[in-house]
Amino acid sequence: MTASVDGQRPEDTPLLEVGDLVVHHGQLKALDQVSFQVFPGEVYAIIGANGAGKSTLLRTIAGLHHPTSGTVLFDGQNVTGLRPEHRARQGIVMVPEGRRLFESLSVEENLKVGATYARKGPWTIERVYETFSWMRDRRGQRAGQLSGGEQQTVAIGRALVANPRVLLLDELSLGLAPVVVQRIYTMLPQILQTGLTVLLVEQDVSQALRVASHIHCLLEGRTTLQGTPAEVTAEEVEEAYFGLASAVGATPHARLDADGQSGKGSEPPWRG
Amino acid sequence: MAWVNAIIEGILTGGLYALFACGLSLMFGVMKVVNLAHGDLAVVGGYIAVGIILLHVPVLWSVVIVVPIMAVAGYVLQRTVIQRALDRGVLTTLIVTLGLSLVIENALLQFFSANTRGIGSGMTLVTGSFSLGSQIQIGYLLVVVFAVAVAVLLGLQYFLSRSTYGRLIRAVADDKEAAQLAGANYRHVFGVAAGLALATVALGGIAYGMYIDLDPTAGTDTILLFAFVAVVIGGLGSLWGTLVGGIVLGVAQQIGAQINISDELIAGYIVFLAILVLRPQGLISRRAQT
């Protein structure tokens with residue numbers, strides 16, 4: 001991990017920049033004016049309760065939802081109008097919620113599909129086998145026959161072989177036993193060594209705080225808190241997560257300074 | 001011996017039915033589209049062959065020309081008409097392909113009239129036969145068509161299981177959104193699948209023109225109907241199931257015809273109905289096939 005956890009953010013230009021994103025599901029406004037930047041090497045975690053708009057945000061960045069307004073910039077380029085497959089080929093690769101493996105295909109075939117339009121980079125199918133050694137022995141097995149945790153690992157492998165520049169992880173822990181989730185998350189540093197940037201969505205806040213270099217809390221589609229795990233207190237996170245109190249939170253556009261001063265005291269965006 | 005003859009002919013006719021059915025099954029398996037114009041497109045392939053033969057092109061060369069034409073037509077049709085219907089929901093594709101079927105049928109009536117047209121009616125391949133023993137006579141055409149059908153199914157199976165593109169087709173069939181996230185343009189993949197489907201059914205249309213005769217309504221009345229029956233007997237989404245289903249249908253029809261010539265069709269449908277009741281997932285179900 002190149003991003004530090006002491007509040008310093010890397011000096012580079014952002015790899016991914018989301019600006020004033022508004023997304024509707026029919027009449028429902030799922031995301032309201034969400035903005036943030038993800039810098040190279042960061043692990044940027046979006047947290048929030050069910051229905052907060054986390055998955056919608058990730059799917060919009062991957063290109064599966066079209067925003068009503070706002071922009072998604074990738075490496076300085078506007079990709080807002082690009083189809084998901086073109087974003088994937090440029091290096092925005094998502095591990096979707098619920099694994100979504102090709103169930104009638106074997107483990108190896110799943111990886112091969114992931115590698116079909118891969119960018120050049122460190123990840124190959126061979127390297128995935130080296131990282132997750134059990135997979136080699138079971139490469140001929142149908143993906144649909146694997147356990148949930150195994151499927152999640154294959155889904156990560158399928159994304160890695162595309163050599164993403166930014167890896168979007170949507171609710172890795174969904175439907176998995178805590179032990180399994182723990183095991184998957186402990187592999188994250190190993191994956192990050194290859195120079196990836198990660199944007200992850202997680203309902204499990206403690207898990208997110210443990211791995212993230214930056215967290216971003218959503219509540220009913222709006223930003224309620226941003227900062228490094230070191231900057232935010234448990235109370236702030238709790239309030240931003242559930243929207244209980246009125247005194248804590250950040251405006252959608254403000255971001256916490258390196259010293260963690262701003263944001264506090266301002267009126268939370270979901271009121272008024 | 002007449003019974004043995006009938007059964008052999010029934011089995012071989014199964015090859016023809018497999019050519020009708022495998023494209024229908026492929027399109028359903030990959031994009032969940034039930035293409036009601038499938039049979040009419042087979043007839044279009046047949047009529048294009050008729051047109052090419054009128055230009056003094058040898059019959060077998062017309063096949064070589066028609067198949068790629070229909071493959072391209074399938075791709076274009078999928079990317080334009082069918083995809084647009086699909087974007088509005090699977091049910092819309094039923095209405096749109098039904099409309100397409102009516103348009104094609106009436107256009108064929110307009111251009112070619114209701115008269116029947118045969119293909120290669122002077123050829124030994126089409127009219128000739130050989131004898132096994134003293135009682136059994138087998139037409140060359142049915143043997144060749146059966147061999148072509150087996151070759152087509154083997155080729156499709158090899159393509160789908162081994163090639164990069166075949167793998168993408170199966171991936172898109174499983175989960176097209178996940179395939180997009182892996183960089184695949186599923187619309188293009190759908191187009192390729194439709195191209196394959198129409199290439200195979202064009203062979204069926206030409207074979208039909210040789211075996212019986214082409215007429216503008218044969219697409220819906222015969223080819224589509226038999227294709228459906230073969231797919232359902234064999235098992236939805238199974239490629240080899242279309243051959244099994246075709247053989248069961250062909251044998252049932254020939255046995256029916258032996259009992260009474262007017263029972264040919266009804267015998268096929270009785271078996272179809274029996275299988276729907278006793279084994280609705282088809283003889284080769286996709287899950288069991290693995």
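**Close-up views of chain B**

**View 1. Helix H6 of chain B and its surroundings.** Helix H6 (residues 140-162) of chain B has 23 residues and reaches 32 Å from its first C-alpha to its last, close to the 33 Å expected at 1.5 Å a residue (the expected span being 1.5 Å times one less than the number of residues). Helices (H or I, at least four residues) and strands (E, at least two) are DSSP runs, numbered from the N terminus. The model is predicted: local features need pLDDT of at least 70 and side-chain atom pairs count only at pLDDT 80 or more, while totals for chains, interfaces and linings use all residues. Residues are numbered from 1 along each chain as its sequence is written, and chains are lettered from A and ligands numbered from 1 in the order in which they are written.

The buried residues of H6(B) are B:Leu141, B:Leu142, B:Val145, B:Phe146, B:Val148, B:Ala149, B:Val152, B:Leu156 and B:Leu160 (buried: 20 or more other C-beta atoms within 10 Å of the residue's own, with C-beta atoms placed from the backbone). Their cover includes strand E2 (136-139) and helices H1 (2-31), H5 (124-127), H7 (164-174), H9 (186-211) and H11 (239-259) of chain B.

**View 2. Packing of H6(B) on H11(B).** The two axes come within 9 Å and cross at roughly 160 degrees (axes are lines fitted to C-alpha atoms, for helices over the stretch in contact, with angles from 0 to 180 degrees between N-to-C directions). H6(B) is therefore roughly antiparallel to H11(B) (angles over 145 degrees; under 35 counts as roughly parallel). From H6(B), B:Ala149, B:Leu153, B:Leu156 and B:Gln157 meet B:Leu239, B:Trp240 and B:Leu243 of H11(B) (contact: C-beta atoms, placed from the backbone, within 7 Å). By class, this contact has six nonpolar, one polar and no charged residues (Ala, Val, Leu, Ile, Met, Phe, Trp, Tyr, Cys and Pro count as nonpolar, Asp, Glu, Lys and Arg as charged, and the others, Gly among them, as polar).

**View 3. Packing of H2(B) on H4(B).** The axes of helix H2 (residues 38-54) and helix H4 (residues 90-112) of chain B come within 9 Å and cross at roughly 30 degrees, so H2(B) and H4(B) are roughly parallel to each other. B:Asp40, B:Leu41, B:Val43, B:Val44 and B:Tyr47 in H2(B) meet B:Ser101, B:Ile104, B:Glu105, B:Leu108 and B:Phe112 in H4(B). The contact residues divide into seven nonpolar, one polar and two charged.

**View 4. The side of chain B that touches chain A.** Here 16 residues of chain B are in contact with 22 residues of chain A. H7 and helix H8 (176-181) of chain B are the elements giving two or more residues to this side; the largest share, six residues, comes from H7(B).

Conventions
A residue is buried if 20 or more other C-beta atoms lie within 10 Å of its own, exposed if 12 or fewer, and partly exposed in between; C-beta atoms are placed from the backbone. Two residues are in contact if their C-beta atoms, placed from the backbone, lie within 7 Å. Angles under 35 degrees count as roughly parallel, over 145 as roughly antiparallel, 65 to 115 as roughly perpendicular and the rest as oblique.
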